[in-house]
Amino acid sequence: MIASLKEAVNFGGVVAFTGAGVSAESGIPTYRGTGGFWTKYDPDKYASIDYFEQDPSYYWRFFRDTRLDLLRHPKPNPAHLALAELETRGKLQAVITQNIDGLHQEAGSRKVIELHGSSRKFHCLECCRSYLLEEIEAELEKHLPPLCADCNGILRPDIVFFGEMLPPGAIEEAMDLASRASLLLVIGSSLVVYPAAQIPMAAKSCGARLAIINDEPTPADGLSDWVLMGKAGEILPQLL
Ligand code: APR
C-alpha cells in the first residue's frame with residue numbers, strides 16, 4: 001500500500017490537505033475524537049463570532065490558558081517535517097491546511113494556504129493594527145481581552161470563527177490547486193467542517209487520486225484510492 005503511494009508521490013503533482021490530526025503528535029489536541037478540544041470546551045462559546053462579540057474575554061481566557069503555551073514553543077513533528085521535505089524535493093506543490101497553529105511554516109513548508117487563518121496573528125477591532133504573538137504576550141498578562149497599544153481597542157485573533165467567512169481567496173486558491181492535483185494527500189482531518197471538507201471531493205471529481213492518512217475512519221474513505229490508518233508522524237516519513 002505504502003509502496004504504491006510512494007510511487008504516486010514520486011510521479012508529482014501532489015498537494016496536501018491537513019487537519020488537526022497532523023499536529024496531534026506535536027501535543028496540540030485535536031477538536032473531535034477522544035480528548036478532543038470540543039469534548040471539553042463548547043465551540044458555540046469558544047469559537048463562534050457571536051459569542052466573541054458578546055464576551056471576548058471568554059475566548060481570550062481559553063487562549064491564554066490552553067493555547068498560548070503550545071504556540072510559544074511550537075514543535076513541528078515528523079509529519080510536518082516530511083511534508084516540508086517533499087516540497088523541498090519538488091514532490092509537493094502546497095499544503096492546504098485547516099490548522100491555525102503555524103506548524104507547517106515552522107517545519108519549513110513555504111506554500112501553505114491557511115483556510116481558517118492563524119492563531120499566531122492578531123489585529124485591533126478598532127484601528128486594524130496587526131500584532132504577532134510575541135507582541136501581545138505581555139499585554140495578555142495585563143488585560144483580558146488584550147487591548148491595542150495605539151487606540152486601546154480590543155484585539156482579536158486572525159482566525160476564522162464559526163459564523164465567519166473564510167479569508168478572501170483562500171478557498172478559491174485551495175480549490176484551484178486541488179482540482180489540478182494528480183494526488184491529494186488528506187491528512188489528519190475528520191472531514192466534517194465545510195467548506196474545507198469539500199476540497200478532497202472536488203479534487204477527486206477533477207480526476208485526482210486521494211490518499212487518506214488518518215487514525216480513524218473518515219466519510220471520504222470509500223472515495224479514496226489509499227486509506228492508511230495510523231499516525232501521520234509515522235506514516236508520512238515513509239513517503240520520503
Ligand atoms: N495522525 C493522523 N490522524 C490523527 C492523529 C494522528 N496522530 N491524531 C488524530 N487524528 C485524526 C482524528 O482521528 C480525526 O479524524 O485527525 C482527525 C482530527 O479531526 P478534527 O479534530 O475534527 O480536526 P479537523 O478535521 O482539522 O477539524 C476541522 O473544525 O473546529 C473546526 O476550525 C476547526 O479547523 C478545524 C475544523
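**Entry 1: a spot in H6**

I began with Gln105, which sits in helix H6, residues 103-107. For the labels, helices (H or I, at least four residues) and strands (E, at least two) are DSSP runs, numbered from the N terminus. Gln105 counts as partly exposed because its relative accessibility is 34%. My cut-offs here: buried is under 20% relative accessible area, exposed is over 50%, and partly exposed is in between, with a 1.4 Å probe and protein chains only. Gln105 touches Val112 and Glu114, leaving out residues up to four places away in sequence. A contact, in these notes, means heavy atoms within 4.5 Å. I also checked Gln105 against Leu5, 100 residues apart along the chain, and found their C-alpha atoms separated by 24 Å.

Two reminders to myself about the source. This is a predicted model, where local features need pLDDT of at least 70 and side-chain atom pairs count only at pLDDT 80 or more, while totals for chains, interfaces and linings use all residues. Residues are numbered from 1 along each chain as its sequence is written, and side-chain values use heavy atoms, with hydrogens and water left out.

**Entry 2: the whole chain**

I stepped back and noted ten helices and nine strands in the protein chain. The radius of gyration is 18 Å, close to the 18 Å that the globule rule gives for 240 residues, so the chain is as compact as a globular protein of that length. That radius is taken over C-alpha atoms, and the rule is 2.2 Å times the number of residues to the power 0.38. The C-alpha trace spans about 55 × 35 × 30 Å along its principal axes. Of the 240 residues, 52% count as buried. Among contacts with a separation of 6 or more, 66% come from residues 24 or more positions apart.

**Entry 3: H8 against H9**

How do H8 and H9 pack? Helix H8 (residues 170-180) and helix H9 (residues 198-205) meet at an angle of about 35°, and their axes are 8 Å apart. The axes are lines fitted to C-alpha atoms, for helices over the stretch in contact, and angles run from 0 to 180 degrees between N-to-C directions. H8 passes H9 in a right-handed crossing, meaning the near helix is turned clockwise from the far one by less than a right angle. From H8 I listed Ile171, Ala174, Met175 and Ala178, which meet Gln198, Ile199, Ala202 and Ala203 of H9. By class, that contact has seven nonpolar residues, one polar and no charged ones. The classes: Ala, Val, Leu, Ile, Met, Phe, Trp, Tyr, Cys and Pro are nonpolar, Asp, Glu, Lys and Arg are charged, and the others, Gly among them, are polar.

Most residues other than glycine have a negative phi, and most peptide bonds are trans. I went looking for exceptions.

- A cis peptide bond joins Leu144 and Pro145, with omega about -5°; Pro145 is in the loop between helix H7 (133-142) and strand S6 (155-159).
- The bond from Tyr194 to Pro195 is cis too, omega near 5°, and Pro195 is in the loop between strand S7 (183-187) and H9.
- Leu191 is in the loop between S7 and H9 and has a positive phi of about 55°. Leu191 is buried, at 4% relative accessible area.
- Cys128 has a positive phi of about 70°, in the loop between strand S4 (117-124) and strand S5 (130-132). Cys128 counts as exposed, at 55%.

What does the side chain of Asn214 reach? I found the backbone nitrogen of Ser189 at 3.1 Å, and the backbone oxygen of Glu216 lies 2.8 Å from a polar atom of that side chain. Asn214 is in strand S8 (residues 209-214) and counts as buried at 9%.

Glu137 lies in helix H7 and is buried as well, at 19%. Its side chain makes a polar contact with that of Arg72, at 2.5 Å. A polar contact is a pair of N or O atoms within 3.5 Å; within protein, one must be able to donate a hydrogen and the other to accept it, and residues adjacent in sequence count only if both atoms are side-chain atoms.
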